[in-house]
Amino acid sequence: MGSTVLSVRIDEELFDRLRQHAAKRGMSVQDYVVRTLIRDDFDERFKTSVEKTEKFYGAA
């Protein structure tokens, strides 16, 4: 898997909050943001799968 650079401009207050959250987990801000995006993407894909399964089999 390759990688691509994404540059994001955020205000100082948000960056400080991200840095605090990352520090609590012993991570860099970059790693924290990437893991958060990956987790949210997984959650969305999982939710979609559940909805499709329920539609196919009928909700309980």
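Which residues of H2 are buried? The buried residues of H2 are Val29, Tyr32 and Thr36, where buried means under 20% relative accessible area, exposed over 50% and partly exposed in between (1.4 Å probe, protein chains only). The legends below concern a predicted model, in which local features need pLDDT of at least 70, side-chain atom pairs count only at pLDDT 80 or more, and totals for chains, interfaces and linings use all residues. Residues are numbered from 1 along each chain as its sequence is written, and side-chain values use heavy atoms, with hydrogens and water left out.

View 1. Helices are DSSP runs (H or I, at least four residues), numbered from the N terminus. Helix H1 comprises residues 12–24. The expected span of a helix is 1.5 Å times one less than its number of residues; for the 13 residues of H1 this gives 18 Å, and the end C-alpha atoms are 18 Å apart, which agrees. Gly26 follows H1 and has a positive phi, near 70°.

**View 2. The packing of H1 against H2.** Two packed helices are described by the angle between their axes and the distance between the axes. Here H1 and helix H2 (residues 29–57) pack at an angle of about 85°, and their axes are 9 Å apart. Axes are lines fitted to C-alpha atoms, for helices over the stretch in contact, and angles run from 0 to 180 degrees between N-to-C directions. H1 and H2 are therefore roughly perpendicular to each other, a term for angles of 65 to 115 degrees (under 35 is roughly parallel, over 145 roughly antiparallel, and the rest oblique).

**View 3. The residues where H1 meets H2.** Contact means heavy atoms within 4.5 Å. From H1, the residues Phe15, Leu18, Arg19, His21 and Ala22 meet Val29, Tyr32 and Val33 of H2. The residues of this contact divide into 6 nonpolar, 1 polar and 1 charged. In this scheme Ala, Val, Leu, Ile, Met, Phe, Trp, Tyr, Cys and Pro count as nonpolar, Asp, Glu, Lys and Arg as charged, and the others, Gly among them, as polar. H1 is included in what covers the buried residues of H2.

**View 4. Helix H2 and its aromatic pairs.** The 29 residues of H2 should span 42 Å at 1.5 Å a residue, and the end C-alpha atoms are 42 Å apart, which agrees. Rings of Phe, Tyr and Trp (its six-membered ring) pair if their centres lie within 6.5 Å; planes under 30 degrees apart count as stacked, over 60 as edge-to-face and the rest as tilted. The count by this rule comes to 2 aromatic pairs. The rings of Phe42 and Phe46 have centres 6.0 Å apart and planes at 20°, so this pair is stacked. Phe42 and Phe46 lie 4 residues apart in H2 and are thus separated by about one helical turn. Phe42 is partly exposed, at 47% relative accessibility. Phe56 and Tyr57 form an edge-to-face pair, with 4.8 Å centre to centre and 90° between the planes. Both Phe56 and Tyr57 are exposed. Gly58 follows H2, with a positive phi near 90°.

**View 5. Selected residues and their separations.** Val8 is placed in the segment before H1 and is exposed at 57% relative accessibility; Val8 and Val29 are 21 residues apart in sequence and 12 Å apart in space, C-alpha to C-alpha. Gln20, in H1, is exposed, with a relative accessible area of 52%. The C-alpha atoms of Gln20 and Lys52 are separated by 38 Å, at 32 residues apart along the chain. Lys24 also lies in H1 and is exposed, with a relative accessible area of 68%. Lys24 and Ser49 are 25 residues apart in sequence and 32 Å apart in space, C-alpha to C-alpha. Glu51, found in H2, is partly exposed at 42% relative accessibility.

Key
Helix = DSSP H or I, 4+ residues; strand = E, 2+ residues; numbered from the N terminus.
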